[in-house]
Structure formats: structure tokens, C-alpha cells
Amino acid sequence: MERIRSFLNVQQGEGKPLLLLFLYLMLALASFTIARAVRDSLFLNHYSAMDLPYAYLAVAVVIGAVVSLYVRLAGRLSQATLISSTLLFFILHILLFWWAAPRKWDALPALFYVWTSIYGIIVTAQVWTVAGMILDTRQARRLFPLLGSGGILGAFLGGLVAAVAVRYAGTHNLILALLVCPVLCIAIVQRLSRRFCRNCRVCQRAQPAVDSLEGERGLAPVARRIFRSRYLRLIVGMLALSAVVTLLVDFQFKLAVQESIRSADRLTAFFGSFYAWVGLASFLLQILAGRWLVDRHGIRVALL
């Protein structure tokens, strides 16, 4: 056990909270990957891939409104309460989508496409919020690479589940399988907030950092902070460029897939397998080469 801790660079007392955070991120990314496989399958089986740019625009508009509301709520509720409530809200949506799927509503594939993107962004961000409540700055720098590998492993497992389960359950019933992950995530969040939180006041009340922004809530104070900092502007610029490249490649990829595969279940199996293999390759790279690259060559080479 001591050798494993030394290899993973985990210190005494960090094992249990790190394991819970690892499982949390793994479950979040597993459920998002399953949802992505179902989302892409339903959309491409119902619409043309040429309609994807409209879906991208809808996601951008809706996520802006959702994030604005989420930031406002973050200033009024404890993080544990907000995260658990959000996950319960997503569970209700999953049940609604599963009920509506057999009724073949024309708008369902488009709605599920937008919902899946929002679900992935919010649930993933919440994991890092909880990690910030548990780990201090030094621990975060040392443990975040290992924690991030949990998300990559989750993407592999989610893709594998989608590829295998669709043969027996069908694409529509895979929506119901999404319930498992948010339910387990709620249990993990509650345990982490009660047992391992560094500052219980952050868990029990709204974050002081939000309330201290001159009484303002919403995206405006955040946007002002970003524009005042060159460092934050560069980060936002890098993320924006990454998003543009990702969308272009995503569009081209799905255009090619739709020309080759027609059946919804076959599309789900293909996307699940594809996401699983990409996740496995990323996990191995992260575990075997990630820490070595950062220690030996620095963060710039690692990012490249």
C-alpha cells in the first residue's frame, strides 16, 4: 500500500477523500459519455448532420442562461445543497426523457442533444467545485492529474457500457441507465461535505467569495474579473479556440458517420465504442506519461 501511495504521490490521510473524488468524477464522466452516445445516435437518426450547427448554437444560448442562473443560486445556497439539488433536477429530466422516448416526439432528439451538453458541463464543473472544498492549493496541484484520470476512466467505462448495453436494451432504454450515476454522485457529495470539507462554512452557507462581489450576483462580476486579468483572458481565449476546433472536428466526424451508419442502435454502439477506445488511450497516457511529462519538461510541453 505504501508503494502504491508513493507511486501515485498520495500522502497519509488523503486516500479516502481522493478515492471518493475519483469515483465522483468517474461516475460523472461515465454518465455523460453514455448520454453523448445516445444523444448523437438519436440526433443523427432523426436529423441530418447538416443540422448540427443549429444544435451547437442552441447549446451556446441555453448554457449561457443556465450558468447565469447557477451562479446566482451559488450565492444563496450551500455548495452541497446546490449540487445535490441540481443532480435531483437532472434525475427528473432523465425520467421524463425515458418516458417520452417511445412516444417518438419530433423535438425529443434536439432537446436531448441540448440537455446532454448542459448536463455534461454542469456535472463536471461540480466535481471540481467539490474538489476545491476538500483539497487545498498544494494538494490540488499534486493530486488533480490523478483525479483527472478518474474522469478519463469514466469516459472509457461509459462508452463501453453504451456499446454493450445497447445490444440488449436498445438506445431509448439506455437513457434510464443514466439514473445510476447521479444517484451515487449525490451520496458521494453528501459524504464528502460532511466528513472531509476543509471549511464547513462553505458547505453550510453560501460562498463568501460570491457575496463579497459588492453585493452583485450573476455573470457580470465574473466577466469583469476576467477582463481585468490578462492571465484569465488568455485562459478564456485558449478555451474558446479549443471549443471552435472541437466543434469543427465534431461536425466533420458525425457527417462521415451518418453517411456510413443508419440504424439508431448501431449508431449508439459505434459512438460508445469510439468514446471507450479514446477514453482508454487517454487514461493510459495520463497515468503513464502525464506526471512524467510535467515533472521532466514542465506544463507547456505537457499541454502540447
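**Notebook: rings, helices and cysteines**

I began with the aromatic rings: ring pairs join Phe90, Phe97, Phe112, Trp115 and Tyr119 into a cluster. For the rule, I noted that rings of Phe, Tyr and Trp (its six-membered ring) pair if their centres lie within 6.5 Å, with planes under 30 degrees apart called stacked, over 60 edge-to-face and the rest tilted.

Before going on, I wrote down that this is a predicted model, where local features need pLDDT of at least 70 and side-chain atom pairs count only at pLDDT 80 or more, while totals for chains, interfaces and linings use all residues. Residues are numbered from 1 along each chain as its sequence is written, and side-chain values use heavy atoms, leaving out hydrogens and water.

**Entry 1: one ring pair**

I counted 16 aromatic pairs in the structure. Phe90 and Tyr119 make an edge-to-face pair, 5.0 Å centre to centre with 85 degrees between the planes. Phe90 is in helix 4 and Tyr119 in helix 5 (residues 108–134), so this pair ties together parts 29 residues apart in sequence. Both Phe90 and Tyr119 are buried; buried means under 20% relative accessible area, exposed over 50%, and partly exposed in between (1.4 Å probe, protein chains only).

**Entry 2: the helices**

How many helices and strands does the protein have? I found 14 helices and zero strands. These are DSSP runs numbered from the N terminus: helices are H or I with at least four residues, strands E with at least two.

I then looked at helix 2 (residues 15–46), whose 32 residues reach 46 Å from first C-alpha to last, close to the 46 Å expected. The expected span is 1.5 Å times one less than the number of residues. Helix 2 is mostly covered, with 25 of its 32 residues buried.

Thr86 sits in helix 4 (residues 79–100). Thr86 is buried at 12% relative accessible area. Leaving aside residues up to four places away in sequence, Thr86 touches Tyr70, Ile122 and Gln126; a contact means heavy atoms within 4.5 Å.

**Entry 3: charges over rings**

The charged end of Arg36 sits over the ring of Tyr275, 4.0 Å from its centre. Arg39 has its charged end over the ring of Tyr113, 4.3 Å from the centre. The rule asks for NZ of Lys or CZ of Arg within 6 Å of the ring centre and within 35 degrees of the ring normal.

**Entry 4: cysteines**

I found zero disulfides; a disulfide is a pair of cysteine sulfur atoms within 2.5 Å. Cys181 is buried at 8%, and Cys185 is buried at 2%.
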